[in-house]
Amino acid sequence: MAKEKDLRELFHDTLKDIYFAEKKILTALPKMAKAAQSENLKAAFGKHEGETEKHVARLEQVFETIDEAPKGKTCDAIMGIIEEGQEVMKEYKGTAALDAGLLAAAQAVEHYEISRYGTLKCWASELGLMEAVKLLDATLSEEKKTDADLTKSAEGEVNLHAEAA
């Protein structure tokens, strides 16, 4: 009879999922920055690339707290979100709507990350992994701030530019 899986295993599997996602995001952000037309949006993507490197390092520390090696597990969700962003880059290249599409793709990534980090933080707390809770909470806070910054950029510049064209 198969062994029943528990919350600790689910935590570990989900940790592998977000680790994979963060690594994929690291490869997507420079492409998005290069494609962006707005200097502010280019800068935002560049800034988030640096933050994402810290997120990967924190995740590696979380793996350490559960005595596991950092290892990713293919995340179909992030692959789909990144693929949508690539389609926007291709289909809207050179148009005023490109930055609005890139920003929307970036927010889809942020919302996915916020969901994952919130869940992992809750599970870590339930499992008594207080060091992991601190690490995950730090990243969750940064992801929420990035999402808020992207919203400001969308409402203050990018969407208006796309609409005015």
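Trainee: How do the residues of the lining of the largest cavity divide into nonpolar, polar and charged?

Mentor: Bear in mind that this is a predicted model. The lining of the largest cavity has 10 nonpolar residues, 2 polar and 1 charged.

Trainee: And what volume does the largest cavity have?

Mentor: About 110 Å³. The lining comes to 13 residues.

Trainee: Which of them lie nearest its centre?

Mentor: Leu29, His48, Ala106, Val109 and Glu110.

Trainee: Which helices supply at least two residues of that lining?

Mentor: Four are on the list: H1 (7-35), H2 (39-65), H4 (98-126) and H5 (130-164). H1 gives the most, with 4 residues.

Trainee: How many cavities of 30 Å³ or more does a search of the whole structure find?

Mentor: The search finds 2.

Trainee: What lines the second largest cavity?

Mentor: Ala28, Lys31, Met32, Ile81, Ile82, Gly85, Gln86, Met89, Ala105 and Val109. H1, helix H3 (76-91) and H4 each give two or more residues to this lining. The largest share is from H3, with 5 residues.

Trainee: And by class, what does the lining of the second largest cavity have?

Mentor: There are 7 nonpolar residues, 2 polar and 1 charged.

Trainee: Why roll a probe over the atoms at all?

Mentor: Because a probe the size of a water molecule, rolled over the atoms, shows where empty space is left.

Trainee: OK, pockets. What volume does the largest pocket have?

Mentor: About 160 Å³. The residues that line the pocket are Asn40, Leu41, Ala44, Lys47, His48, Glu51, Thr146, Asp149, Leu150 and Ser153.

Trainee: Which elements give two or more residues there?

Mentor: H2 and H5. H2 has the largest share of the pocket lining, 6 residues.

Trainee: How does the lining of the largest pocket go by class?

Mentor: Count 3 nonpolar, 4 polar and 3 charged residues.

Trainee: Let's step back to the fold. How many helices and strands does the protein have?

Mentor: The secondary structure comes to 5 helices and 0 strands. Along the sequence the pattern reads α-α-α-α-α.

Trainee: What does the C-alpha trace span?

Mentor: About 60 × 30 × 20 Å along the principal axes.

Trainee: What percentage of the residues is buried?

Mentor: Of the 165 residues, 43% are buried. The accessible surface is about 8900 Å², and carbon and sulfur atoms account for 53% of that surface.

Trainee: And contacts? What share comes from residues 24 or more positions apart?

Mentor: 81% of the contacts with a separation of 6 or more.

Trainee: Switching to aromatics. How many aromatic pairs does the count come to?

Mentor: The count is 1 aromatic pair. Tyr19 and Phe63 form that pair, edge-to-face, with 5.4 Å centre to centre and 80° between the planes. The pair links distant parts of the chain, with Tyr19 in H1 and Phe63 in H2, 44 residues apart.

Trainee: Are Tyr19 and Phe63 buried or exposed?

Mentor: Tyr19 is buried, and Phe63 is buried as well.

Trainee: Now the loop between H2 and H3. Where is phi of Asp67?

Mentor: Phi of Asp67 is near 55°, a positive value in a residue other than glycine. Asp67 is in the loop between H2 and H3.

Trainee: Why does Asp67 count as exposed?

Mentor: Because its relative accessibility is 70%, and the cut-off for exposed is over 50%.

Trainee: What about Ala69?

Mentor: Ala69 is in the loop between H2 and H3 too. The relative accessible area of Ala69 is 54%, so Ala69 is exposed.

Trainee: How many Å apart in space are Ala69 and Lys93?

Mentor: They are 40 Å apart, C-alpha to C-alpha. In sequence, Ala69 and Lys93 are 24 residues apart.

Note on methods: Residues numbered from 1 in each chain as written. Predicted model: local features only at pLDDT ≥ 70, side-chain atom pairs only at ≥ 80, totals over all residues. Heavy atoms only, no water. 1 Å grid on protein atoms, 1.4 Å probe; cavity = no way out; pocket = protein on both sides within 12 Å on 5 of 7 lines; lining within 4 Å. Points joined across faces, edges and corners; volume = space filled by probe spheres on them. Nonpolar A, V, L, I, M, F, W, Y, C, P; charged D, E, K, R; others polar. Buried < 20%, exposed > 50% of the residue type's maximum accessible area, 1.4 Å probe, protein only. Contact = heavy atoms within 4.5 Å. Areas by Shrake-Rupley, 256 points an atom, 1.4 Å probe, with all protein chains shown as cover. Phe/Tyr/Trp six-rings, centres within 6.5 Å; stacked < 30°, edge-to-face > 60°.
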